[in-house]
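Dear colleague,

I am handing over the structure below, followed by an account of what was found in it. Please read the two side by side.

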Amino acid sequence: ALTAFCKAGPRALPEGLFMQLVTNEVEWDDVNEEVVRELNAVICIPIISREIQEQVINSLCIVMFKGAKGQMAMERKLIGKALQASLNKDSDDDLAAMLNGMIDIPLMSEEQEQELFLKLSRSIMNTFETLVPEPMREILTNTSPEELREARLNLIDRMNEAIDIPFKSEKEEEEYFTAIVDFLLTRYGLDKGTKLPEEQLVDVEMELDVVAVEYEVSENIYRNSMEELDAKKKSLEARKAELEAMISSE
């Protein structure tokens with residue numbers, strides 16, 4: 001539910017409204033009914049009814065948008081950050097869509113281009129993980145911003161050397177690979193520079209708070225789902241008894 005909420009929010013609401021609510025530029029109480037209605041229309045949690053889903057979305061909105069100061073504001077910020085990892089599974093599609101938006105391939109339909117770019121995005125992901133294996137990524141997460149900027153430039157050159165984009169010049173490819181590398185650095189959390197152990201500890205503690213919120217929401221969803229199933233079971237049992245009584249009276 002939390003992942004669906006953060007993916008759908010920026011797209012379902014009027015442009016910029018989602019982030020304005022997060023930063024409290026727009027007051028939640030002024031738009032709460034409209035926001036909950038719009039989000040409930042585009043989010044689908046199949047294990048619960050639309051009515052219960054609306055209650056879940058309303059609770060998530062209160063966590064994300066209500067309260068401008070202190071711990072609640074920090075929790076909202078870290079919820080968004082913690083969700084980035086859960087959205088990484090969509091990165092192939094997201095990268096392919098980004099490439100399709102930037103690059104036009106002559107004599108190919110939009111569908112053919114998207115298929116090509118999906119294959120290209122997988123090749124890019126594999127190349128990146130070969131050039132920057134996990135131990136190296138661990139090192140980069142704790143390097144200085146200056147060294148990380150140097151690594152970024154080197155990575156743009158190396159990716160450009162390893163992968164060819166059809167029908168494009170070297171200059172065009174350099175522009176594309178700059179955007180690609182920035183996308184990948186963001187995906188792997190390497191775009192923020194160094195962090196001291198004390199700062200990392202704060203992040204972990206805050207992410208634990210986020211997990212606690214997700215846990216509570218999941219518990220509520222499960223409880224509501226079981227209540228619905230119990231009510232449905234009782235209704236079916238009553239109908240069964242009614243039909244059996246009709247049959248026995250004939």
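Which residues are buried in H7? Taking buried to mean under 20% relative accessible area, exposed over 50% and partly exposed in between, with a 1.4 Å probe and protein chains only, the buried residues of H7 are Glu113, Phe117, Leu118, Leu120, Ser121, Ile124, Met125, Thr127 and Phe128.

Before going further, please note that this is a predicted model, in which local features need pLDDT of at least 70 and side-chain atom pairs count only at pLDDT 80 or more, while totals for chains, interfaces and linings use all residues. Residues are numbered from 1 along each chain as its sequence is written, and side-chain values use heavy atoms, with hydrogens and water left out.

The chain has 11 helices and zero strands, where helices (H or I, at least four residues) and strands (E, at least two) are DSSP runs numbered from the N terminus. Of its 250 residues, 34% count as buried. With contact meaning heavy atoms within 4.5 Å, 64% of the contacts between residues at least 6 apart in sequence join residues at least 24 apart.

As for the interior, a nonpolar core is a set of buried Ala, Val, Leu, Ile, Met, Phe, Trp, Tyr and Cys residues joined through side-chain atoms within 4.5 Å. The largest such core has 28 residues, and those with the most contacts inside it are Leu99, Ile124, Met159, Ile180 and Leu184. At least two residues of this core come from each of helix H6 (91-102), helix H7 (110-131), helix H9 (145-162) and helix H10 (170-187), with H10 giving the most, seven residues. Apart from this core lies another, of 15 residues, including Leu17, Phe18, Val22 and Ile57. Leaving aside neighbours within four places in sequence, methionine 159 is in contact with Ile124, Thr127, Phe128, Leu131, Phe177, Ile180, Val181 and Leu184.

Asparagine 100, which has its place in helix H6, counts as buried because its relative accessibility is 11%. Not counting residues up to four places away in sequence, asparagine 100 touches Glu110, Glu113, Gln114 and Phe117.

The structure holds four salt bridges, a salt bridge being a side-chain nitrogen of Lys or Arg within 4 Å of a carboxyl oxygen of Asp or Glu. One of them joins lysine 119 and glutamate 115 (3.8 Å, N to O), both in helix H7 and four residues apart, about one turn of the helix; lysine 119 is exposed, at 54% relative accessible area, whereas glutamate 115 is partly exposed, at 49%. In helix H11, aspartate 230 and lysine 234 lie four residues apart, and their side chains meet in a salt bridge (3.3 Å, N to O). Glutamate 242 forms a salt bridge with arginine 239, the closest N and O atoms being 3.0 Å apart.

Lastly, threonine 141 is found in the loop between helix H8 (134-140) and H9, and is partly exposed, with a relative accessible area of 26%. Threonine 141 and glycine 189 are 48 residues apart in sequence, yet 7.4 Å apart in space, C-alpha to C-alpha.

With regards
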